[in-house]
Amino acid sequence: MMARSIRTIWFPIFVLLLVETGRGVKSASNYLIGLGSYDITGPAADVNMMGYANTEQTASGVHFRLRARAFIVAEPKGNRVVFVNLDACMASQLVTIKVLERLKTRYGDLYTENNVAISGIHTHAGPGGYLQYVVYIVTSLGFVRQSFDALVDGIEQTIIQAHNNLRPGSIYVNKGELIDAGVNRSPSAYLNNPATERSKYKYDVDKDMTLLKFVDDEWGPIGSFNWFATHGTSMSRTNSLISGDNKGAAARFMEDWFDHNSSGSISSDLYMSSKIHRRVSNIIPVIEDNHHELLELAASFESSSGKSTTRYSSLARRVRSALRQTDRPKFVSAFCQSNCGDVSPNVLGAFCLDTGLPCDFNHSTCGGKNELCYGRGPGYPDEFESTRIIGERQFRKAVELFDGASEKLNGKIDYRYTSVDFSELNVTIPKEGGGTNVVKTCPAAMGFAFAAGTTDGPGAFDFKQGDDKGNAFWRLVRDLLKNPGKEQVDCQHPKPILLDTGEMKLPYDWAPSVLPVQILRIGQLVILSVPGEFTTMAGRRLRDAVKKVLTSASTKEFGSNVHIVIAGLTNTYSQYVTTFEEYDMQRYEGASTLYGPHTLTGYIQEFKKLASALVSGKTVESGPPLPNLLDKQISLLTPVVMDATPIGVKFGDVSSDVAKNSTFKKGDNVTVVFWSACPRNDLMTEGTFALVEILKGKDSWVPAYDDDDFCLRFIWSRPAKLSTRSHATIKWLIPQTAASGVYRIRHFGAAKSLLGSIKHFTGSSSAFVVA
């Protein structure tokens with residue numbers, strides 16, 4: 001009996017010790033770590049989306065919200081670094097400048113351009129108009145202040161959170177292959193790289209995901225950031241709902257997974273097995289199956305007429321509201337972008353719309369036309385399903401790496417930064433037979449194949465990829481804007497120049513010339529912050545070159561154990577970077593490599609300088625200043641004049657309700673339409689436009705799903721472009737794990753009067769039963 005009693009006492013203690021050891025929270029910390037997250041969704045109406053350059057793709061609702069997520073890692077009495085990941089198409093030089101100005105006002109010289117990196121995931125479903133160069137804001141009708149402010153405010157708040165959350169903790173790194181989340185969309189260009197180089201790699205895209213696991217000394221795991229290369233183009237060029245695409249979806253899945261299981265033991269397979277995108281079973285108990293009783297209860301709650309409310313109510317009712325956070329740090333998970341230049345998430349391949357046959361291999365055309373060639377995602381023809389699947393695949397791999405992370409980061413926190421004028425950079429290249437030559441990069445220019453687009457989003461007219469000649473008609477059109485001189489033509493060869501953007505200065509600069517390059521170090525992890533989209537092989541060459549410097553025999557800083565990741569689209573944006581051989585093929589990526597055939601070699605040269613300075617402890621010159629063109633920006637987007645409803649109708653009234661005594665099953669769609677107002681009147685930052693509530697008891701409504709959930713869509717529409725009337729359609733795809741019970745759908749909005757005042761409103765549907 002005594003032996004049994006001893007076993008009874010010690011067994012749970014032994015299990016507890018195993019769990020605590022597995023979580024890694026008891027190991028001695030060597031850093032201060034802090035994470036933060038904030039809403040950057042921006043205007044959900046009228047604003048052109050950034051990425052596809054499709055003038056008809058303007059925002060009209062929310063698929064799920066966009067967020068900025070950040071980590072800060074600091075030595076207790078030394079250096080620190082900040083990395084911010086944005087659910088946005090790319091970072092913006094102007095946004096970065098303004099964020100740094102605010103950080104300087106708040107923290108002095110603690111956070112500067114040297115140690116702060118701001119990176120975009122490359123979703124093509126976010127509001128545009130926040131970059132400062134003309135070519136990137138033409139389709140958004142110029143600069144959009146709301147888009148810009150949403151990003152600057154959100155990034156600042158994210159960094160403030162991370163700073164305030166700094167506590168002793170540890171970081172673990174893990175790496176693994178993710179096979180089925182990306183394919184090469186320009187394989188003919190990749191094949192032009194030397195066969196000896198290609199033979200070193202198993203795949204024509206990078207399949208590795210590198211993940212950091214952040215562990216607080218007291219609270220245990222508090223977040224993860226990972227880098228993996230695949231485009232944010234699961235959502236198509238015709239989508240009009242704001243969405244974080246596959247990487248934003250993966251982040252939402254992982255944060256919800258952890259929140260429903262703070263110990264981290266629920267498997268990703270279990271969480272995603274029924275296409276779960278959020279559970280409510282932990283919010284309220286499941287009601288016993290009494291269908292008749294539920295129907296009677298639902299019948300007592302008819303749709304309410306629209307009524308006035310405050311903005312606070314939208315924030316307070318949000319499912320993940322910060323107002324209901326406990327003292328425990330919020331788990332933050334970011335899925336960051338890498339060298340995605342030629343990597344598509346449309347993994348089924350590219351096919352012709354008219355014949356269903358594969359597109360032409362070299363030019364991605366169908367009967368000579370690029371407009372008919374489209375890549376297919378794994379959920380084809382449903383882009384939402386493709387987004388979910390590619391997001392889920394990244395999420396599953398991240399959970400696997402998160403659970404298995406055991407290599408602890410140790411060593412210095414350090415960084416190096418400079419700015420480089422890529423329009424006239426001297427680049428030293430090896431010469432055949434020995435020795436070196438000095439060549440130059442060029443002022444920015446875009447080739448004819450740029451206008452052909454890609455298989456993720458084809459262009460128009462008669463442009464095609466792989467065009468190294470151009471045609472007379474489009475040259476005539478080009479010359480009306482800017483006729484490139486012989487020196488520029490020779491410099492950019494074999495690219496036929498369609499837009500000589502680097503030499504176009506009216507009404508202000510069309511393209512960047514001065515770009516930031518940056519290295520961040522956290523122990524044996526090195527992050528290369530690049531201001532563009534490197535192709536697979538371009539990224540490999542850059543990583544290899546930097547690794548050779550860091551691990552050379554002359555330095556003992558790293559040894560052979562160094563993890564190098566490329567953070568793409570970071571701090572500013574300058575389009576693509578291909579290898580010299582890929583550039584020669586002049587597919588879309590080569591035509592979009594702005595600074596000529598030696599662009600990549602220039603980057604490698606400058607990053608090797610930074611790497612050398614990092615291991616030697618030397619400083620580097622700051623380089624030329626980055627232009628700030630905020631005062632020159634032009635905006636042609638019409639403001640919201642006023643909102644209106646028909647006589648006798650209030651904002652928030654239900655226009656189309658659920659049927660009386662409705663019962664829905666898991667997997668069904670529930671749709672309710674409300675009289676609404678323009679979402680630009682209030683972005684509902686950290687709030688929600690749409691809400692699903694479940695009845696608790698007889699009269700208490702509890703938030704269950706909001707417009708940050710994958711299963712709930714907020715769709716805004718007006719009958720005509722200049723109409724003052726509008727509707728909000730809220731669609732809820734009922735998850736398989738939704739609790740049975742009585743539900744209703746609510747809408748929050750803000751209407752603008754002719755005099756300019758803003759009035760918040762809300763309305764709710766009739767109640768219905770989910771069986």
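How many residues has α16, and what distance does α16 reach from its first C-alpha to its last? The views below show a predicted model, in which local features need pLDDT of at least 70 and side-chain atom pairs count only at pLDDT 80 or more, while totals for chains, interfaces and linings use all residues. Residues are numbered from 1 along each chain as its sequence is written, and side-chain values use heavy atoms, without hydrogens and water.

View 1. α16 has 18 residues and reaches 26 Å from its first C-alpha to its last, close to the 26 Å expected at 1.5 Å a residue (1.5 Å times one less than the number of residues). Helices are DSSP runs of H or I with at least four residues, and strands are runs of E with at least two, numbered from the N terminus. Of the 18 residues of α16, 13 are buried (under 20% relative accessible area, 1.4 Å probe, protein chains only). Just after α16, G617 takes a positive phi of about 80 degrees.

**View 2. The largest nonpolar core.** A nonpolar core is a set of buried Ala, Val, Leu, Ile, Met, Phe, Trp, Tyr and Cys residues joined through side-chain atoms within 4.5 Å. The largest has 131 residues, of which Y130, L550, F607, W732 and Y743 touch the most other members. Helix α16 (residues 599-616) supplies the largest share of this core, eight residues.

**View 3. A second core.** This separate core has 26 residues, among them F83, A117, F225 and V332.

How values were computed: Buried < 20%, exposed > 50% of the residue type's maximum accessible area, 1.4 Å probe, protein only.
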